[in-house]
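Subject: Structure handover

Hello,

Here is the structure I said I would pass on.

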Amino acid sequence: MLQLPPIKLPPIKLPAVIGHRGAMAYAPENTLASFREARKRGAAWVEIDVKLTADGVPIVMHDDSLKRTMGIDRLVAQTPRAELPAEVPTFEQAIACFLELGLGCNVEIKPSEGREAETARVAVETLRRCWPAALPAPLLSSFKDESLEAAQKAAPEFARALLVSELGEDWRSRADAVGATGMNVGRRKLTAEGALAIKRAGYVLSVWTVNDPEEARAIVGMGADCIITDAPDVIIRALR
Ligand code: G3P
Ligand code: MG
């Protein structure tokens with residue numbers, strides 16, 4: 001059978017600043033209120049975390065448990081959508097809010113353990129069905145190679161970034177294996193050499209989570225294309 005080569009995506013154009021979980025310095029993370037706050041504070045895009053409920057509904061939530069953000073001692077993967085607090089948006093509700101606000105989005109695929117591929121497939125199916133043509137195309141990211149691989153297989157048209165806390169020796173082979181054109185790297189272990197290697201190799205570099213103005217300027221000085229921050233207004237001002 002004829003094997004088509006994988007689609008090679010052009011590097012995605014990201015804004016200089018993306019609001020982390022909305023604007024979590026000012027509003028409860030990953031909520032519609034947080035997305036509104038991010039927009040109000042000048043962000044053109046937000047980053048969100050997407051995972052699945054017990055009944056397979058994609059929702060916006062960072063942790064596997066509802067304990068820290070909702071005060072409920074229960075796992076998301078064991079909770080059906082109907083039993084989640086109303087403040088937790090479904091991915092579809094978040095997308096509708098982005099359309100209303102004109103926000104772009106870095107969709108982090110944040111699977112509960114064992115649901116890496118499934119979460120990615122449901123997320124990209126939702127994007128295909130609901131993502132508005134009026135908004136810039138989203139960026140998918142994940143710490144999980146398996147999630148990015150499943151996203152690539154199911155919907156190769158969405159740009160992908162490999163998320164890492166630390167580059168490691170194998171970052172480039174991992175990124176290439178899932179057709180990622182971006183690297184989303186944690187600020188703590190980012191070095192000037194690492195940033196240079198990423199940029200020389202032609203990847204779009206985003207760095208998280210940077211809330212200090214001086215640090216943001218230094219990281220942009222290393223070649224970063226985008227800063228992911230809890231306080232978009234502070235970092236937009238710092239980079240002006
Ligand atoms: O996507 C950047 C950042 O959100 C990754 O870490 O734990 O905040 O999802 P985390
Ligand atoms: Mg995240």
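Apart from its neighbours within four places in sequence, E108 is in contact with E47, I48, D49, V50, S141, F143 and L163, where contact means heavy atoms within 4.5 Å. E108 belongs to strand β4; helices (H or I, at least four residues) and strands (E, at least two) are DSSP runs, numbered from the N terminus. With a relative accessible area of 4%, E108 is buried. Buried means under 20% relative accessible area, exposed over 50%, and partly exposed in between, with a 1.4 Å probe and protein chains only.

Before going on, note that this is a predicted model, in which local features need pLDDT of at least 70, side-chain atom pairs count only at pLDDT 80 or more, and totals for chains, interfaces and linings use all residues. Residues are numbered from 1 along each chain as its sequence is written, chains are lettered from A and ligands numbered from 1 in the order in which they are written, and side-chain values use heavy atoms, with hydrogens and water left out.

The metal site

Which residues coordinate the magnesium ion (ligand 2)? They are E47 (OE), D49 (OD) and E108 (OE), at 2.0 to 2.2 Å. Donors here are N, O and S atoms within 2.8 Å of the metal (3.2 Å for Na, K and Ca); water is not among the atoms, so sites may look incomplete. Along the chain, the donors of this magnesium ion have the spacing E-x1-D-x58-E. Distant parts of the chain are linked by the pair D49, in strand β2 (residues 45–52), and E108, in strand β4 (residues 104–109), which are 59 residues apart. Both D49 and E108 are buried.

Ligand 1

Around ligand 1 are H20, R21, E47, D49, H62, E108, K110, F143, L163 and W208, each with a heavy atom within 4 Å of it. This shell divides into 3 nonpolar, 2 polar and 5 charged residues. In that count Ala, Val, Leu, Ile, Met, Phe, Trp, Tyr, Cys and Pro are nonpolar, Asp, Glu, Lys and Arg are charged, and the others, Gly among them, are polar.

A polar side-chain atom of R21 is 2.8 Å from an oxygen atom of ligand 1, and one of K110 also lies 2.8 Å from an oxygen atom of ligand 1. For D49, an N or O atom in the side chain is 3.2 Å from an oxygen atom of the ligand. Taken alone, ligand 1 exposes 290 Å², and the protein buries 91% of that; the areas come from the Shrake-Rupley method with a 1.4 Å probe.

Two loop residues

R21 sits in the loop between β1 and α1. Its phi is positive, about 50 degrees, although R21 is not a glycine. R21 counts as buried because its relative accessibility is 12%. N30 is also placed in the loop between β1 and α1, and its phi is near 55 degrees, a positive value in a residue other than glycine. At 3% relative accessibility, N30 counts as buried.

Elsewhere in the chain

In helix α9 (residues 232–239), the residues P232, D233, I235 and A238 are buried. Their cover includes β1 (17–20), α1 (32–40), α8 (213–221) and β9 (226–229).

A155 is in the loop between α5 (145–154) and β6 (159–164). Is A155 buried or exposed? A155 is buried, with a relative accessible area of 0%.

Regards

Technical notes. Polar contact = N/O pair within 3.5 Å; in protein donor to acceptor, adjacent residues only side chain to side chain.
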